[in-house]
Amino acid sequence: MRFLSTRGGRDVTAAQAIQLGISPDGGLFVPESFPAADLAGILKRGSFYQGIAYDVMIPYLEGFTHGEVLSGIESAYSRFGDARVVPLVPLTPSESVLELWHGPTMAFKDVALQMLPHLLTQAVAINGDRHVIYILVATSGDTGKAALEGFCDVPGTRVTVFYPHGGVSAMQRLQMVTQAGKNVSVCAVRGNFDDAQTGVKKIFGDRTMAASLGERGFRLSSANSINFGRLVPQIAYYFSAYAQLAEAGTIRPGQLINFCVPTGNFGDILAGYYAVRMGLPVNRLILAANRNNVLTDFFRTGVYDARRPFSKSMSCSIDILISSNLERLLFELADRDPSLVKEWMASLSETGRYDIGIERISRVSSLFWSSWCSEEETLRTIAETFNSSRYLMDPHTAVAQKVYGDYVRETGDDGTHTVLLSTASPYKFPSAVLSAFTQPSADEFADAERLFRLSGMPMPAQLAGLRGREERFTDVCDLAEMPAKVLECAK
Ligand SMILES: *Cc1c(COP(=O)(O)O)cnc(C)c1O
């Protein structure tokens, strides 16, 4: 299995795609074809997640040692707090919730970032690279902590996370600055997330930096969500949801179901699209946006227009206007013609918009459906779902739940079983969730306790463990100091 660049550059092996992260021509790596899944075999696995992860990932990983992939899977998912890894919880007869947040950081990024270090270290070995792999991350909150947990004390790796000073929640900051591990560091940057992201991109593009790091035995790499090594572990949970439904007798094998996905960078729902291309029986992939609804407009009109104000919301992990993984779907919509993708991407960077035409977007309108959710609707949905089903959801999951309601109203499809992807524990955003019921305080730990008293839903151990733990990383730097910080950590 080779990997093509969406912008037409040289094709590479799986190991190269995973080590490079992004193609040198600026494109994303996509598999040359979609392997057909053995659905009957996967259904036999039932709720044995590790087995399904193996079945789904291995056809993409030519050149990797099967035993090492398997032991990577075992170690990655042994850190999840539920034996099914991604438990499926019935909500109503026609709706279930797939809880993707039982990993160490309470958000769905763990599913991919617990696995990526195993794939990346193996890729580096296959490529014969002897450098220490230095992962740089700019984060708006969730990715940084998940990368720190994933790479913590992984031999042959180093990781530094930059986050915007004052730009992440108290809980998210505490999760990062108390991180254990000999190979990790965390630094706040004076600026917003885009500044931190631009700073990291500059370091990646800086040849003198690469040379100085090379002399010290380091090579930069990225744990960004455009890396195929982050995408491939996510395909597995779509199959797992299906197998859990079949095992419970909720659906018959072969029956079509819907998935509803709170979407930002388009990584999560793209994994669902890849699952469909591998043969998973899916009626609709429902894309749920918050008020940064650029993707909803795109799926309804074929016009992607990022020229709109960026709006901070309580479902902050999907506050995104430039959705980078969409480029992989565009490649398919362009019938894999890279010149079209390049044209659209050039138009996006020059004018802030592109138009693929109503005809092209209509070709996927029987698969993708989209709507969005306001802030008031997010809070109302959290309260209503708890009152009717005694199920407490985080703001991102609530966005999906509200959009599913829109879908049923607009299409009349209330019979197809629908799986909501729940991407974070409500305890990751305790003050926001509490505000659906009552006035929150300024203290997220106090709000988490109030939420516990109100809902009875157990608090994750990771959360309680944070309180009072030593803050290891208190540095704050200016944007201009980021390269020096990286060199300082490369020792
Ligand atoms: C990252 C994230 C998302 C969005 O996933 P994409 O792959 O960027 O679409 C949704 N919810 C939570 C909690 C996240 O951390």
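The buried residues of helix 8 are covered by several elements, including helix 7 (142-151), strand 6 (157-164), strand 7 (184-189), helix 19 (430-434), helix 20 (444-455) and helix 21 (461-466). The model described here is predicted. Helix 8 spans residues 170-177, and six of its eight residues are buried, so the helix is largely enclosed by the rest of the structure. The buried positions are Met 171, Gln 172, Leu 174, Gln 175, Met 176 and Val 177.

A second feature is a helix pair. Two packed helices are described by the angle between their axes and the distance between the axes. For helix 3 (residues 49-57) and helix 4 (residues 66-77), the axes come within 10 Å and cross at roughly 140°. The two helices are therefore oblique to each other. Their crossing is right-handed. On the helix 3 side, the contact is made by Tyr 49, Gln 50, Ala 53, Tyr 54 and Met 57. Helix 4 contributes His 66, Val 69, Leu 70, Ile 73 and Tyr 77. An α-helix has 3.6 residues a turn, so residues three or four places apart point the same way.

Aromatic rings were examined next. Across the whole structure, the search finds 21 aromatic pairs. In one of them, the ring centres of Phe 34 and Tyr 274 lie 4.7 Å apart with the planes at 65°, so this pair is edge-to-face. Phe 34 belongs to the loop between strand 2 (29-31) and helix 2 (39-45). Tyr 274 belongs to helix 12 (residues 267-277). The pair thus links distant parts of the chain, 240 residues apart. Phe 34 is buried, because its relative accessible area is 14% and the limit for burial is under 20%. Tyr 274 also counts as buried, at 0% relative accessibility.

Another pair, Tyr 304 and Tyr 354, is stacked. Its ring centres are 5.3 Å apart, with 5° between the planes. Tyr 304 lies in strand 11 (residues 303-305) and Tyr 354 in strand 12 (residues 353-355), so the pair ties together parts that are 50 residues apart in sequence. Both tyrosines, Tyr 304 and Tyr 354, are buried.

The four residues of these two pairs, Phe 34, Tyr 274, Tyr 304 and Tyr 354, belong to one aromatic cluster. Phe 266, Tyr 273, Phe 298, Phe 299, Trp 344 and Phe 368 are also members of this cluster.

How values were computed. Residues are numbered from 1 along each chain as its sequence is written. This is a predicted model: local features need pLDDT of at least 70, side-chain atom pairs count only at pLDDT 80 or more; totals for chains, interfaces and linings use all residues. Side-chain values use heavy atoms; hydrogens and water are left out. Rings of Phe, Tyr and Trp (its six-membered ring) pair if their centres lie within 6.5 Å; planes under 30 degrees apart count as stacked, over 60 as edge-to-face and the rest as tilted. Helices (H or I, at least four residues) and strands (E, at least two) are DSSP runs, numbered from the N terminus. Buried means under 20% relative accessible area, exposed over 50%, partly exposed in between (1.4 Å probe, protein chains only). Axes are lines fitted to C-alpha atoms, for helices over the stretch in contact, and angles run from 0 to 180 degrees between N-to-C directions. Angles under 35 degrees count as roughly parallel, over 145 as roughly antiparallel, 65 to 115 as roughly perpendicular and the rest as oblique. A crossing is left-handed if the near helix is turned anticlockwise from the far one by less than a right angle, and right-handed if clockwise. Contact means heavy atoms within 4.5 Å.
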